[in-house]
Amino acid sequence: MVLLSQINKQKGKISCHYSPENSGEEGYVSIDTETEVLLVVQKTEFDFNTDVYIDKVVFKLLDLVGEDSIPEELTVAWY
């Protein structure tokens with residue numbers, strides 16, 4: 001599970017802070033919406049041996065690109 005907060009969509013980019021597994025640790029991701037290139041990535045300790053959390057954050061942010069209304073916060077869970 002990963003919590004996305006402070007989700008911000010501006011012309012040409014989307015970004016958010018994220019916290020995996022209610023850990024209290026916070027990372028940050030910013031993506032160019034045209035090229036889907038990661039502009040800024042600040043990983044948490046949870047991401048140094050795996051990209052599971054970063055991948056979930058990136059995929060969710062890219063899903064939100066086409067939306068008119070973006071929530072300030074949301075949770076992504078998987079099994």
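This is a predicted model: local features need pLDDT of at least 70, side-chain atom pairs count only at pLDDT 80 or more; totals for chains, interfaces and linings use all residues.
Let's start in the middle. The largest nonpolar core holds 16 residues, and Val2, Leu4, Ile7, Tyr18, Val29, Val57 and Leu61 are those with the most contacts inside it. Two or more residues come from each of strand S1 (2–10), strand S2 (13–20), strand S3 (27–32), helix H1 (52–64) and strand S5 (73–76). Helix H1 is the top contributor, giving six residues to this core.

Setting aside neighbours within four places in sequence, you will find Leu61 in contact with Leu4, Ile7, Ile14, Ser15, Cys16, Val29 and Ile31.

Now turn to strand S5. Its covered face carries Leu74 and Val76, while Glu73 and Thr75 sit on the uncovered one. Behind such a pattern is a simple rule: side chains in a regular strand alternate between the two faces of the sheet. S5 pairs with S1 in the antiparallel sense, over four bridges, and Leu3 stands opposite Thr75 of S5.

Finally, have a look at the aromatic rings. The whole structure contains two aromatic pairs. One of them joins Phe46 and Tyr53 edge-to-face, with 5.8 Å centre to centre and 85° between the planes. The pair counts as edge-to-face because planes over 60 degrees apart are classed that way. How exposed or buried are these two partners? Phe46 is partly exposed, at 32% relative accessibility, whereas Tyr53 is buried, with a relative accessible area of 12%. Together with Trp78, Phe46 and Tyr53 form one aromatic cluster.

Methods:
Residues are numbered from 1 along each chain as its sequence is written. Side-chain values use heavy atoms; hydrogens and water are left out. Rings of Phe, Tyr and Trp (its six-membered ring) pair if their centres lie within 6.5 Å; planes under 30 degrees apart count as stacked, over 60 as edge-to-face and the rest as tilted. Buried means under 20% relative accessible area, exposed over 50%, partly exposed in between (1.4 Å probe, protein chains only). A nonpolar core is a set of buried Ala, Val, Leu, Ile, Met, Phe, Trp, Tyr and Cys residues joined through side-chain atoms within 4.5 Å. Contact means heavy atoms within 4.5 Å. Two strands pair if DSSP finds at least two bridges between them.
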